[in-house]
Amino acid sequence: MTDTARPTRIRVDLDALTHNLRVLRAAASVPVMGVVKANAYGHGLVPVARHLQAQGIEQLGVAFLEEGVALRRAGITLPILVMGGIFGPQAAELIREDLEITVSSIDKLRQVEAAAEALGRKATIHLKIDTGMERIGVHSYRAGPFIEAAVASRWCTVKGVYSHLACSDEPDSPMTARQLGRFLEACAHFDRLGVPMPIRHLANSGGVLNFPDTCLDLVRPGIALYGVLPDPDSRTALDLRPVMSLVSQVVYFKVVPAGQPVSYGATWAPKVDTRMVTIPIGYGDGFPRALSSRGEVLVRGVRLPIAGRICMDQFMADLGPGGTGYNEDEVVLIGHQDGQAIRCEDVARAAATIPYEILVGLNTRIPREYLGGAPASA
Ligand SMILES: *Cc1c(COP(=O)(O)O)cnc(C)c1O
């Protein structure tokens, strides 16, 4: 960091990413598609993808064409599946960029075929089966003709067949077993047609953590790769390590008299004279305004409550009447300090949301700093 740089930053621990990949690979016992959509869950698309590639991950998954193109521009050579629904006019670019395409209906199949034929280049596709999410994909009970059309296609190579779990973060939900059953029934059409089974994939992070049967031929973890659990209430026996920390520094210190309201809306006031610090990060960085008077931060190893509303670029935290904090003290918003920790899951709970939304909300106004990342030993 240069002396004039903004002290607020996201620290990305690439060694923790390596560790989590190893842990998930061992738990699933199958190849891994690392999901790096939404700026690698806020960790930085290209640096995370480069690191995962260096660690020998088999494949990457993104949501949109643009994310796949950004990875190709950065020199990523791994297979990349674009998991989102595609628009017909995007098909040609997907093929030209050597991106694997999610085909979620017979109409989309025809669009991809037409684009492939026009380019004189085969498309690599994954068939999307809807087993209960009702998002994109052909309903499992109608998959027969869809699969038949795809395997008969001269311009499409069916590399994979997949579906997505709706309730895998709930270990007791019967939904996952139901979805797995429907998925396997749909896959049976390949056997019926006497063609080789493509790569079957179903498990997101929740699948890997809670439902080993769903791991099949490949797993698609996103959030767990980053060492974060899908829900504030999730539990796991796996030793996952948080990859992201979010830190800042105290930019101002003052004493606020009892009863004197703090921040917009004058919604909070100390009951006694108290010491307060101002921290230069706000909802303009994606630090949720929902944490107003609810979240906590660490200064000098002490948990301080966020006091009053979070502003666009700053917020205040209460040291208490006897608390200590100085200008330029490190502030931890997510991560460890002196034996105390604030996890992304804690932040999500305080903001009444899920950890995903916290991670991906942190925007590009916050500089990312990458630590570790020496190549894995064989
Ligand atoms: C986002 C996504 C994933 C990864 O989900 P996590 O819950 O973060 O593991 C996997 N598959 C699909 C289709 C997705 O959209």
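# A tour from the ligand outward

Begin with Tyr-41: an N or O atom in its side chain lies 2.5 Å from an oxygen atom of the ligand. This is a polar contact, that is, a pair of N or O atoms within 3.5 Å; within protein, one atom must be able to donate a hydrogen and the other to accept it, and residues adjacent in sequence count only if both atoms are side-chain atoms. The model is a predicted one, in which local features need pLDDT of at least 70 and side-chain atom pairs count only at pLDDT 80 or more, whereas totals for chains, interfaces and linings use all residues. Residues are numbered from 1 along each chain as its sequence is written, and side-chain values use heavy atoms, with hydrogens and water left out.

Select Lys-37 next. A polar atom of its side chain is 2.7 Å from an oxygen atom of the ligand. Of the 390 Å² that the ligand exposes when taken alone, the protein buries 93% (areas by the Shrake-Rupley method with a 1.4 Å probe; for residues, only the protein chains shown count as cover).

Now display the whole shell. It comprises 13 residues around the ligand, of which Lys-37, Tyr-41, Ser-205, Gly-222 and Tyr-356 come nearest; a residue belongs here if one of its heavy atoms lies within 4 Å of the ligand. By class, the shell holds six nonpolar, four polar and three charged residues. In this scheme Ala, Val, Leu, Ile, Met, Phe, Trp, Tyr, Cys and Pro are nonpolar, Asp, Glu, Lys and Arg are charged, and the others, Gly among them, are polar.

Hide the ligand to view the space it takes, which is the largest pocket. A pocket is an open set of points on a 1 Å grid over the protein atoms alone, with protein on both sides within 12 Å along at least five of seven lines; a molecule sits in it if more than half of its atoms lie within 2 Å of its grid points.

## The whole chain

Zoom out to the C-alpha trace, which spans about 80 × 45 × 45 Å along its principal axes. The chain has 11 helices and 18 strands, assigned as DSSP runs (helices: H or I, at least four residues; strands: E, at least two) and numbered from the N terminus. Of its 378 residues, 53% count as buried. Buried means under 20% relative accessible area, exposed over 50%, and partly exposed in between, with a 1.4 Å probe and protein chains only.

Select Gln-179 in helix H8, residues 175-193. Its relative accessible area is 0%, so Gln-179 is buried. The side chain of Gln-179 reaches the backbone nitrogen of Ala-166 at 2.9 Å.

Move to Glu-100 in strand E5, residues 100-103. Glu-100 counts as buried because its relative accessibility is 6%. Its side chain is joined to that of Gln-59 by a polar contact of 2.9 Å.

## Stops in the loops

Select Asp-233 in the loop between helix H9 (205-210) and strand E10 (244-249). With 51% relative accessibility, Asp-233 counts as exposed. Show Arg-349 as well: the two side chains make a polar contact of 3.0 Å. These residues are 116 apart along the chain, and their C-alpha atoms are separated by 8.6 Å.

Continue to Ala-352, in the loop between helix H10 (344-350) and H11. Ala-352 is exposed, at 70% relative accessible area. Its phi is near 55°, a positive value in a residue other than glycine.

Glu-134 also has a positive phi, about 55°, although it is not a glycine. Find it in the loop between strand E6 (123-130) and strand E7 (138-139). Its relative accessible area of 55% makes Glu-134 exposed.

With a relative accessible area of 28%, Pro-79 is partly exposed. Pro-79 and Gly-61 are 18 residues apart in sequence, with 8.5 Å between their C-alpha atoms.

End at Thr-364, in the loop between helix H11 (355-361) and strand E18 (368-371). Thr-364 counts as exposed, at 69% relative accessibility. A distance drawn to Leu-14, 350 residues away in sequence, reads 19 Å from C-alpha to C-alpha.

How values were computed: On a 1 Å grid over the protein atoms alone, a cavity is a set of points where a 1.4 Å probe fits but cannot get out, and a pocket is an open set with protein on both sides within 12 Å along at least five of seven lines; lining residues have an atom within 4 Å of a point.
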